[in-house]
Structures are given as C-alpha cells and as structure tokens.
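Below are some remarks for a colleague who is meeting this structure for the first time. They begin with the core and then turn to the chain as a whole.

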Amino acid sequence: MAKGEKNHQDHLASVQLLGKQISKRAGFRCEWCEGDDELRLWEYQPDQEPSLESLALLCRPCRDMTGAKNPDPHRLRNIRNALWSDVPAVAEGAAVVLSRSKEPWVREAIEESFIDEGVKRKLL
Ligand SMILES: [Zn+2]
C-alpha cells in the first residue's frame, strides 16, 4: 500500500472510531438542522487529525450545503441555531456555510455567536 493511501486509511479508521460517540452527542440527529436524512460524519478540518471537535453528524441536505456556493436561504435558516453549539465543527462549520450567503441576517448572526474570534474575522 502506498504511504499516502495508508495515511488515508488510518484517517478514515480514526473517524469511524469516533462515530459512536458523536452520534450519541448528536442524539442521532443532524447537528445543524436536527433532521435525520442519511446521517453521516462530516469533517470540518479533513486535513487534521480527526477529533470530537472537528467532526459533526450531518444529514444529506446539510452535507450538500457544505459544497454549495449559493446555499438555499430557506435551508440556511434551519442551521442558524448550530452557531450556538460549543463544538467547533458544528458552530464554525455552520458559520462557514452561512457566510457564503448574502442574506442580511447572516452577518449579524455570525457576529452574535460565540465562535472563535479569529474565525469570525476571517468570515466577516
Ligand atoms: Zn441537517
């Protein structure tokens, strides 16, 4: 097995090991919108060692939003409360997605949240 591939496998194994704990933390609901459509782990910082802080349990529509340039404003309202989570992957991850929107309430919501000030400055 090539070294890069082995690292990738180890990485995935570490993610899977945390899966049970994170699913429990999430109450088996999406940590952004509380939906339950095809829940899977999502990595906020895939280039770092997986941890409870860097992983969130998200539903399919929320995972789709992580890659969307112009997320649907209606769906964005559903993840607004995620900004108040004390888990960085949940709060900061949601802030990153929200910040791509031009909706007027988004900026204010991020400003009011307790996410890391450095992250906030980068997003606003
Ligand atoms: Zn969701």
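1. In this predicted model, the largest nonpolar core holds 27 residues, and those that touch the most other members are Trp 32, Ala 56, Leu 58, Cys 62, Ile 79 and Ala 94. Two or more residues of this core are given by each of strand E2 (55-58), helix H2 (60-66), helix H4 (88-99) and helix H5 (104-112). The largest share comes from H4, which supplies 7 residues.

2. Leu 58, one of the core residues named above, deserves a separate look. When residues up to four places away in sequence are left out, Leu 58 touches Cys 30, Glu 31, Trp 32, Arg 40, Trp 42 and Arg 63. Trp 32, among these partners, is also listed with the core members that touch the most others.

3. As for secondary structure, the chain has 6 helices and 2 strands.

4. How does the radius of gyration of the chain agree with that of a compact globule? A compact globule of 124 residues would have a value near 14 Å, and the chain has 15 Å, so the two agree. Along its principal axes, the C-alpha trace spans about 50 × 30 × 25 Å.

5. Two figures describe the chain overall. Of its 124 residues, 28% count as buried. Among the contacts between residues at least 6 apart in sequence, 57% join residues that are at least 24 apart.

Technical notes: Residues numbered from 1 in each chain as written. Predicted model: local features only at pLDDT ≥ 70, side-chain atom pairs only at ≥ 80, totals over all residues. Helix = DSSP H or I, 4+ residues; strand = E, 2+ residues; numbered from the N terminus. Rg over C-alpha atoms; globule rule 2.2 N^0.38 Å. Buried ≥ 20, exposed ≤ 12 C-beta atoms within 10 Å, placed from the backbone. Contact = placed C-beta atoms within 7 Å. Core = buried A, V, L, I, M, F, W, Y, C linked by C-beta atoms within 7 Å.
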